[in-house]
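Okay everyone, thanks for coming.

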Amino acid sequence: MAVNSPIIKAYIVLEDKTVMEGESMGARGTTIGEVVFSTGMTGYQETLTDPSYFGQIVTQTFPLIGNYGINSEDYEGVKSWVKGYIVREWCELPSNFRSEETLDKFLREQNIIGICGVDTRHLTKKLREHGVMNGMITTEDPYPRLEEIAKELKAFAIKDAVKSVSVKSPQTYLAQNGQYKVVLYDFGYKKNILRSLNSKGCDVIVVPSCTTAQEIVDMHPDGIMLSNGPGDPAENVEIIENLKKLMQQDIPIFGICLGHQLLALANGAKSQKLKYGHRGSNQPVKDLKRDRTYITSQNHGYAIVNDSVDPCIGQVSHINANDQTCEGIRYVNRRAFTVQFHPEASAGPKDSAYLFDEFISMMEEAKTCR
């Protein structure tokens, strides 16, 4: 807790009426969201600014957060998208030459309600056993209204997730030595996807999630990148229909996270909600073709059902080494592949960054064949 700061009591309330008491950090007030946990030991700033966390209250399992501060270069989105923030202990005096401000100041500026001084290990175990639950962080005493709050929490649902985080108009980002034109379909993209493409010589046009297939085709791209993003993939009916049309074009496609799920749904596969999701920078994934296991960064609550992938259309290329869920698909007779994890991961790991090189090779091959 901050030195010489007045201690303001705060509470976590879960939909099963569990109440945990702690101390307020960041903004004060009340917020409701889906309570999830992230296992990353570093990268809390990337977590806070990742659009995929839209509508969620994030619990950090690592006990000390904020020790290297916040800086403007490491944002993954234009702002923080989380609904609330839960930590065991936050550091008031960060020690890092890149630090520009403290975690507490950042949360107050972003109007994010946080709580510290709670047993995040206990909360994480509860979420693992029960599954993801809706919850509330509040600086008001919840006990007199506990029954009413429980009803509010059970009724909460994340809505219009992709629409809320996507850009509203096309934006162009040129590489220093641009050799390829890539359309980045924005479902809530992380900035390091854009940086990774630019570094590989790709001029990138970021387009809103409502962009039609024909509008993308008319841009004459060398490749299409399907970004990560928040929410239930099956709700994005119009996007799925556009992806069905784009699959009929001879344009290389690379999808990440939500983009992976949406392209699978466009090709007849099914998605399922995971009990507590995969969130953090230490998820083991096996590349079946290379027969190698990589440590990956992930942030998703849904997965594609392995058996729902038609082998005549696509083949599962990667699996999660912990629970065997689908982590990648390579499409048959199409220049398209997708992964559930983040090969562009910032703050790491970078083990699977080779997938960007595969995308470049795919675009080069397509150019040669035209």
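Predicted model: local features only at pLDDT ≥ 70, side-chain atom pairs only at ≥ 80, totals over all residues.

In total 23 residues line it, and the ones nearest its centre are Glu-34, Gln-56, Gly-231, Asp-232 and Tyr-302. If you ask which elements put two or more residues into that lining, they are H9, E15 and E16. E16 gives the most, with 4 residues.

The largest cavity holds about 180 Å³ of space. Around it sit 18 lining residues, with Gly-43, Glu-46, Thr-47, Ser-297 and Ser-346 nearest the centre. Helix H1, residues 44-49, strand E15, residues 271-287, and strand E16, residues 292-304, each give two or more residues to this lining. E16 gives the most here, with 3 residues.

Okay, from the gaps to the packing. As a general point, nonpolar side chains in soluble globular proteins tend to be buried together. In our model the largest nonpolar core has 31 residues, and the members that touch the most others are Tyr-185, Phe-187, Leu-226, Leu-243, Leu-246, Ile-253 and Leu-263. Quite a few elements give two or more residues to this core: strands E11, E12, E13 and E18, plus helices H7, H8 and H9.

Let me zoom in on one member. Which residues does Leu-246 contact, if we leave aside its neighbours within four places in sequence? They are Tyr-185, Ala-213, Ile-216, Val-217, Ile-224 and Ile-253. Apart from this core lies another one, of 27 residues, and among them are Val-167, Leu-194, Phe-341 and Met-363.

Leu-194 takes us to helix H6, residues 191-199, where Asn-192, Ile-193, Leu-194, Ser-196 and Leu-197 are buried. Those buried residues pack against strands E10, E11, E12, E13 and E14, and against helix H10. After H6 comes Gly-201, which has a positive phi, near 85 degrees.

Last bit: stepping back to the whole chain. There are 10 helices and 19 strands. Along its principal axes, the C-alpha trace spans about 65 × 45 × 40 Å. Why say the chain agrees with a compact globule? Because a compact globule of 370 residues would have a radius of gyration near 21 Å, and this chain has 21 Å. Of those 370 residues, 57% count as buried. And if you take the contacts with a separation of 6 or more, 74% of them join residues 24 or more positions apart.

That's my tour, so over to you for questions.

How values were computed: Residues numbered from 1 in each chain as written. Heavy atoms only, no water. 1 Å grid on protein atoms, 1.4 Å probe; cavity = no way out; pocket = protein on both sides within 12 Å on 5 of 7 lines; lining within 4 Å. Points joined across faces, edges and corners; volume = space filled by probe spheres on them. Core = buried A, V, L, I, M, F, W, Y, C linked by side-chain atoms within 4.5 Å. Buried < 20%, exposed > 50% of the residue type's maximum accessible area, 1.4 Å probe, protein only. Contact = heavy atoms within 4.5 Å. Rg over C-alpha atoms; globule rule 2.2 N^0.38 Å.
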